[in-house]
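Open the structure in your viewer and keep the sequence panel beside it. The stops below say what to select and what is there.

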Amino acid sequence: MASAAPAPAKPPPVKIDEPEELKGKGWSGMELESGTSTKDVAADSAFERVFERLYGKMTFEEKLRLIWLAGTLFFIIGGYWLLRSLKDPVIATICGVEYIPKAKMLSVLVVLVLVFVYNKLIDMFPKHQLFYIVGGFYAGLFTLIACLLAAPATAQTSIYNTNASPYRLIGWISYCSIESFGSIGVSLFWAFTNSTYNLEGAKKAYGLMVACAQLGSIAGPTLVSVGTEAYGVPTIYFCGALCMVAMVVSIYGYNLRFPQQPDSPRASTKKKSSAGMTEGLVLFWKYHYVKGIFALSCLFMVEVTILDYSMKVLAKAKFDSEHPGDPHAATRAFASFMGVFGQAANG
């Protein structure tokens, strides 16, 4: 048997002379640019994959636009729910809890008038300018109401004046103002947003916007439940006015950052005649299924309104009995309770 061939000899190692300036230097592993580790990049990549799966692929500009508008909606909804948590304690203390149903009916008429004015303004001004008008109006109005509520106890407008009377107009004005903002502010935001997004962009962005709105609807009542006992109703009411200011500032910054609105596809389509205020009544009379929807929604709202009013009557009586001789503490406790209720309703 032939013997196996010997293995080839290994070549001698090549010695590389190390430069003099590198001798004695310690070597360490290389890191990515800006000190970012591989683990951080993997986490960012995983976040990007989850985000794209949920909301679709977006550019940096699209994400920035989305975050900006979502923040604006956060201030709108957060401010509204903050003030909504205060509107019943305010009118119950100033006018009496038994006048809440009448204030509710009056607010419907006020909203109808203001919506008519809003429909006129929306045809006269660009939507971002209308934001300045509406936001500035409500910011000034809520600031004025907060100052009037903080007046000395001898003033008719003060919330510290516990002589409830239906002739104290500040309670009615506060209630109707908050109700009207809930209708006009949200409608204005979506009108503005719809003018900046096409259908594909809306599919990507609107889900996250609504999620931020939900966070706002929890944050507003949370501030009421936590801060009313410590700072009082007028101070927290003023925080609602600051939310209106933040809304205006946010839209102003948005228009500086994104001056060109991507609404060219809409402009190229044939313009249709706008619907009037009576369009809903025409549809109600014409289609039977609209009558059915109206019956169901109306029945539901009647039931909810009755239960809601019953809850407030019981809550007002409970806190008055818990704080005998101290109506200010009873009002703060009632407001804190409404804040907790808002958290539970939206959480």
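Select K291 and W285: the charged end of K291 sits over the ring of W285, 5.9 Å from its centre. A charge counts as over a ring when NZ of Lys or CZ of Arg is within 6 Å of the ring centre and within 35 degrees of the ring normal. Then move to R257, whose charged end sits over the ring of F258, 5.1 Å from its centre.

This is a predicted model, in which local features need pLDDT of at least 70 and side-chain atom pairs count only at pLDDT 80 or more, while totals for chains, interfaces and linings use all residues. Residues are numbered from 1 along each chain as its sequence is written, and side-chain values use heavy atoms, with hydrogens and water left out.

Rings of Phe, Tyr and Trp (its six-membered ring) pair if their centres lie within 6.5 Å; planes under 30 degrees apart are stacked, over 60 edge-to-face, and the rest tilted. The count by this rule is 20 aromatic pairs. One of them joins F137 and Y138: the ring centres are 5.1 Å apart and the planes stand at 75 degrees, so the pair is edge-to-face.

Is Y138 buried or exposed? Y138 is buried, with a relative accessible area of 2%, and F137 is partly exposed at 49%. Here buried means under 20% relative accessible area, exposed over 50%, and partly exposed in between (1.4 Å probe, protein chains only). Y138 also pairs with F181, with centres 5.2 Å apart and planes at 65 degrees, so this pair too is edge-to-face. The pair links distant parts of the chain, since Y138 lies in helix α4 (residues 127–149) and F181 in helix α5 (residues 169–194), 43 residues apart. F181, like Y138, is buried.

Now colour by secondary structure. The chain has eleven helices and zero strands; helices (H or I, at least four residues) and strands (E, at least two) are DSSP runs, numbered from the N terminus.

Select helix α2, residues 60–94. Its 35 residues should span 51 Å, and the end C-alpha atoms are 50 Å apart, which agrees; the expected span is 1.5 Å times one less than the number of residues. Where does α2 bend? The bend, about 30 degrees, is at L86, and a proline, P89, follows within four residues. A bend is the angle between axes fitted to the seven residues ending at a residue and the seven starting there. Of the 35 residues of α2, 25 are buried, and the helix is mostly covered. After α2 comes G96, with a positive phi near 120 degrees.

From here go to S165, in the loop between α4 and α5. S165 counts as buried at 19% relative accessibility. Not counting residues up to four places away in sequence, S165 touches I94 and C95, where contact means heavy atoms within 4.5 Å.

S336 is buried, with a relative accessible area of 9%. With residues up to four places away in sequence again left out, S336 touches V224, S225, T228 and E229.

Finally, show the whole chain. Buried residues make up 35% of its 347 residues. Of the contacts with a separation of 6 or more, 79% are between residues 24 or more positions apart.
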